[in-house]
Amino acid sequence: MGIIGWIVLGLLAGAIAKFLLPGRDPGGLFGTTVIGVAGAFVGGWLSAKFLDKPISNQFFDAATWGAAIGGSLVLLIIYRILFGNSRR
């Protein structure tokens with residue numbers, strides 16, 4: 001899977017994470033994309049490092065999607081903890 005595939009996966013994973021954790025977040029579409037792409041990489045790294053489950057290079061692999069969405073959720077929660085009160 002190339003860089004465009006990771007960006008698309010990250011965008012969709014970020015959107016799913018945003019759907020699962022609704023609320024006001026600064027950043028809009030760009031912020032969601034960045035959190036999603038970073039979450040995909042973080043989730044893949046955490047999965048390979050701690051769960052001993054390397055991520056495949058296939059776009060439609062359930063483990064890849066689970067790791068990307070999980071990583072996006074973690075980053076979105078951290079983002080809200082660090083910058084959640086900045087818009088009030």
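Helices (H or I, at least four residues) and strands (E, at least two) are DSSP runs, numbered from the N terminus. The model is predicted: local features need pLDDT of at least 70, side-chain atom pairs count only at pLDDT 80 or more, and totals for chains, interfaces and linings use all residues. Residues are numbered from 1 along each chain as its sequence is written, and side-chain values use heavy atoms, with hydrogens and water left out.

**Exercise 1.** State how many helices and strands the protein has, and in what order the elements run.

Solution. Step 1: the count gives 3 helices and 0 strands. Step 2: read from the N terminus, the order is α-α-α.

**Exercise 2.** Find which residues make the nonpolar surface patch, and which element gives the largest share.

Solution. Step 1: patch residues have over 30% relative accessible area and no salt bridge, and nonpolar side chains (Val, Leu, Ile, Met, Phe, Trp, Tyr) are joined within 5 Å. A salt bridge is a side-chain nitrogen of Lys or Arg within 4 Å of a carboxyl oxygen of Asp or Glu. Areas come from the Shrake-Rupley method with a 1.4 Å probe. Step 2: Ile3, Ile4, Ile7, Val8, Leu12 and Phe41 form a patch of about 540 Å². Step 3: H1 supplies the largest share, 5 residues. Step 4: one of the patch members, Ile4, lies in helix H1 and has a relative accessible area of 59%, so Ile4 is exposed (over 50%).

**Exercise 3.** Classify serine 72 as buried or exposed, and list what it touches.

Solution. Step 1: serine 72 sits in helix H3, residues 62–83. Step 2: its relative accessibility is 0%, so serine 72 is buried (under 20%). Step 3: contact means heavy atoms within 4.5 Å. Setting aside residues up to four places away in sequence, serine 72 touches Ala13, Gly14, Ala17, Ile35, Gly36, Gly39 and Ala40. Step 4: the serine 72 side chain also reaches the backbone oxygen of alanine 68 at 2.9 Å.

**Exercise 4.** Describe where isoleucine 16 lies and which residues it contacts beyond four places in sequence.

Solution. Step 1: isoleucine 16 belongs to helix H1, residues 3–20. Step 2: with a relative accessible area of 32%, isoleucine 16 is partly exposed, because the value falls between the 20% and 50% limits. Step 4: isoleucine 16 and isoleucine 69 are 53 residues apart along the chain, and their C-alpha atoms are separated by 6.9 Å.

Note on methods:
Buried means under 20% relative accessible area, exposed over 50%, partly exposed in between (1.4 Å probe, protein chains only). Patches are made of residues with over 30% relative accessible area and no salt bridge: like charges are joined within 9 Å, nonpolar side chains (Val, Leu, Ile, Met, Phe, Trp, Tyr) within 5 Å. A polar contact is a pair of N or O atoms within 3.5 Å; within protein, one must be able to donate a hydrogen and the other to accept it, and residues adjacent in sequence count only if both atoms are side-chain atoms.
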